[in-house]
Amino acid sequence: MNVRNSIRNKLIVFLLIAIILPISASIFISYFYTKHSLKVEAIRENSNTLHQGTVSMINQLNQINNISLYVYNNIQEANSLYGILLRGRSDFIVENQLYSGLHSIEQSAKDIQQVYLYSEWANKSYLLIDGYLKRELGRVGLEGHYIQPSGKINPYFEPPHPSHNYGMEEFPYSPSNTVLTIHRPVYRAPLKERIGILSIDFKLDGFRSISNMLYDKGNENIYLLDDNGTAIYASEENLVGQSPKYAWLERAFLQSAPSGHFEWKETGVNGIVLYEKFKLMGRNWIIVKQIPNEYIYENASLVLQFNMLVLVTFLSIAIAATLYVSVKLTAPIKKLTESIKKTKLGRIQLEVDSDRSDEVGLLGNAIKNMVDMINNLVMKELRLELANKDNQLKALQAQINPHFIYNTLQSIGSIALHNKVPKIYEMIASLGLMMRYNMKTEETIVPLSKELAHMNAYLELQKQRFKERLHFRIETDESILDIQVPKMILQPIVENCFKHGFTSNMKAFEITIAVQTADDMLRIRIVDNGTGATEERLQLLKRQIEREASDTATEGSIGLINVVSRLRLYFDAEVRVSITNLEPSGFSVMIDIPVRKEA
């Protein structure tokens with residue numbers, strides 16, 4: 001649709017803009033305001049939720065820590081766990097007392113899977129699972145799992161890991177779960193001498209139930225991490241006990257504020273990240289929640305879709321009304337424009353609605369009178385031009401009689417043979433062939449064989465001029481010699497080789513003319529070993545070929561451009577022409593035209 005040149009189109013565009021722009025602006029402003037409101041509300045609600053979740057996580061970890069402190073209960077009594085470790089004895093009565101203490105710890109929380117106790121002085125390990133007690137000498141089960149804490153008052157939290165039997169014989173009923181283990185070293189008071197180690201394996205159900213209240217599974221993600229970046233719990237189950245390598249998690253760690261949020265738009269994650277930090281048992285912990293933008297703005301998208309549905313409905317009605325009004329108002333102008341276009345194409349008659357008395361009717365009558373006057377003048381000029389052309393053609397025909405020229409050349413050739421000068425005869429014969437070919441003006445389409453024969457005669461004449469310095473060859477296939485081509489398409493291009501490509505200091509001139517068929521196209525390629533064209537001239541020629549600039553005044557380009565123009569008159573846009581410089585020297589012209597067996 002050409003807006004600039006059509007009143008109708010301008011009117012349609014103006015009305016559409018006046019309707020669409022305000023409605024669209026209103027919808028998008030509403031959409032972005034809704035998005036901002038949803039974002040602010042999501043941050044506020046999730047910050048509160050995350051804070052409450054942090055309190056619950058602290059309580060959960062404190063509960064785990066307090067349970068591990070049961071080993072110090074009733075330290076004054078000899079049959080307490082502390083008293084048993086302090087005595088360092090191991091007999092049947094001691095083990096019964098030890099079983100009672102470990103069983104009390106196991107029953108203190110439903111998440112406890114097993115309890116392990118190592119007696120330093122007795123050098124003996126005990127493991128209680130589901131009320132069954134195992135015992136072994138040594139502390140093999142702690143190797144690779146327990147790290148002595150830097151502060152004696154703090155326990156060591158072993159990150160989540162698959163449960164194991166602390167090096168003891170496998171229990172046939174031993175469950176296999178991912179557990180969080182707290183290792184509590186037991187010290188002799190007040191000397192701080194270690195007398196044992198208590199290890200309790202906690203299932204992650206407590207952390208899971210707390211986390212499930214803090215995020216929407218499948219849409220959001222939540223992580224509880226220790227100060228080493230290890231996930232104590234994560235919404236992605238495969239990351240529990242691992243160190244997630246997410247850039248946004250690392251940024252949350254680096255935040256100086258104890259709680260807050262930030263937006264993240266990198267590494268394929270677009271959304272809001274909220275975090276809450278806390279300290280417990282001498283360590284730093286952090287809870288991080290990640291909310292994707294798609295989830296936050298889901299409602300905004302639904303509102304936008306509803307608004308877009310309303311917009312499309314009303315716009316359809318408005319567009320239909322706009323088109324109807326625009327067409328009705330501009331129909332007379334459109335009709336007048338179409339009539340003027342026909343006049344431009346050569347039909348010098350203008351049809352106007354003479355019954356109209358408005359501005360369009362007055363304009364149409366004025367244009368009709370002007371066209372009639374122009375029509376009379378053009379017809380006069382055209383008849384005069386035709387008469388002049390006819391007189392010029394007759395004058396030329398009277399001056400040059402082809403038969404006279406042929407007979408004269410034949411006489412010169414006979415004299416050359418009589419005087420035993422065959423070279424002159426060959427040149428005269430080639431010149432005669434060329435002139436006969438050129439003067440048959442009634443032939444505009446010829447077989448390829450005739451065009452190549454004419455080209456061969458032309459090059460033979462040039463060979464007499466340049467002697468052994470000129471080498472040429474014509475490559476083709478006999479099966480394509482009957483293909484019809486426009487006359488005189490090769491000579492102008494080859495003339496350019498001598499005119500622009502060859503210089504006097506060159507030792508050898510080489511020209512190759514190759515003609516072949518491919519995909520119903522006849523490909524003609526003319527290649528020389530001359531100096532080629534400068535880059536500036538090459539680009540100029542390419543632009544002239546694209547626009548068929550046959551009226552270009554640039555020296556040397558007329559022959560090639562004339563050929564291109566004539567070919568496109570015959571074959572329309574099916575002609576393809578490409579020119580290029582060759583390495584190390586030379587110039588190539590390649591022409592593709594449709595194959596036509598008949599004229």
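Reply: Gladly! Keep in mind that this is a predicted model. Let's start with a pair of charged side chains: arginine 135 and glutamate 95 form a salt bridge, and their closest N and O atoms are 2.9 Å apart. Arginine 135 sits in strand 3 and glutamate 95 in helix 3 (residues 92-106), so this pair ties together parts that are 40 residues apart in sequence.

Me: How exposed or buried are the two partners? Let me take arginine 135 first.

Reply: Arginine 135 has a relative accessible area of 37%, so it is partly exposed. Glutamate 95, at 12%, is buried, because buried means under 20%.

Me: Which residues are linked with this pair in a network of salt bridges?

Reply: The network is made of Glu95, Lys124 and Arg135.

Me: And how many salt bridges does the count come to?

Reply: The count comes to 14 salt bridges. Let's look at another one, between the side chains of aspartate 226 and arginine 283, with 3.5 Å from N to O. This pair links distant parts of the chain, 57 residues apart: aspartate 226 is in the loop between strand 7 and strand 8 (231-234), while arginine 283 is in strand 11 (residues 283-292).

Me: Is aspartate 226 buried or exposed? And what about arginine 283, buried or exposed?

Reply: Aspartate 226 is buried, with a relative accessible area of 1%. Arginine 283 also counts as buried, at 14% relative accessibility.

Me: Could you show me one more salt bridge for practice?

Reply: Of course. Find arginine 523 and aspartate 592, whose side chains meet in a salt bridge at 2.8 Å, N to O. Arginine 523 belongs to strand 16 (residues 521-528) and aspartate 592 to strand 18, so the two tie together parts that are 69 residues apart in sequence. As for accessibility, arginine 523 is partly exposed at 32%, whereas aspartate 592 is buried at 5%.

Me: Which residues line the largest cavity?

Reply: The lining consists of Met57, Ser211, Leu214, Ile222, Tyr223, Leu224, Tyr233 and Ile287. To read such a list, ask where the residues come from and what class they belong to. Strand 7 (residues 221-225) gives the largest share, 3 residues. By class, there are 7 nonpolar residues, 1 polar residue and no charged ones.

Me: What should I look for in the backbone?

Reply: Here is the general idea: most residues other than glycine have a negative phi, and most peptide bonds are trans. Now for some cases in this structure. Aspartate 130 is not a glycine, yet it has a positive phi of about 50°. You can find aspartate 130 in the loop between strand 2 (124-129) and strand 3 (132-137).

Me: Where is lysine 467 found, and what is its phi?

Reply: Lysine 467 is in the loop between helix 11 (448-466) and strand 13 (470-475). Although lysine 467 is not a glycine, its phi is positive, about 55°. This residue counts as exposed at 51% relative accessibility, because exposed means over 50%.

Me: And which peptide bond is cis, with omega near 0°?

Reply: Look at the bond from glutamate 583 to proline 584, which is cis. Proline 584 lies in the loop between strand 17 (576-581) and strand 18 (587-594).

Me: Now the surface. Which residues make a nonpolar patch of about 280 Å²?

Reply: That surface patch is made by Phe28, Phe32 and Met308. Methionine 308 is part of helix 7 (residues 298-344). With a relative accessible area of 31%, methionine 308 is partly exposed.

Me: One last exercise, please: where is isoleucine 474?

Reply: Isoleucine 474 has its place in strand 13, and its relative accessible area of 28% makes it partly exposed. Now compare sequence and space: isoleucine 474 and methionine 455 are 19 residues apart along the chain, and their C-alpha atoms are separated by 9.0 Å.

Definitions and conventions: Residues numbered from 1 in each chain as written. Predicted model: local features only at pLDDT ≥ 70, side-chain atom pairs only at ≥ 80, totals over all residues. Heavy atoms only, no water. 1 Å grid on protein atoms, 1.4 Å probe; cavity = no way out; pocket = protein on both sides within 12 Å on 5 of 7 lines; lining within 4 Å. Helix = DSSP H or I, 4+ residues; strand = E, 2+ residues; numbered from the N terminus. Nonpolar A, V, L, I, M, F, W, Y, C, P; charged D, E, K, R; others polar. Buried < 20%, exposed > 50% of the residue type's maximum accessible area, 1.4 Å probe, protein only. Patch = residues over 30% accessible without salt bridge, like charges linked within 9 Å, V, L, I, M, F, W, Y side chains within 5 Å. Areas by Shrake-Rupley, 256 points an atom, 1.4 Å probe, with all protein chains shown as cover. Salt bridge = Lys/Arg side-chain N within 4 Å of Asp/Glu carboxyl O.
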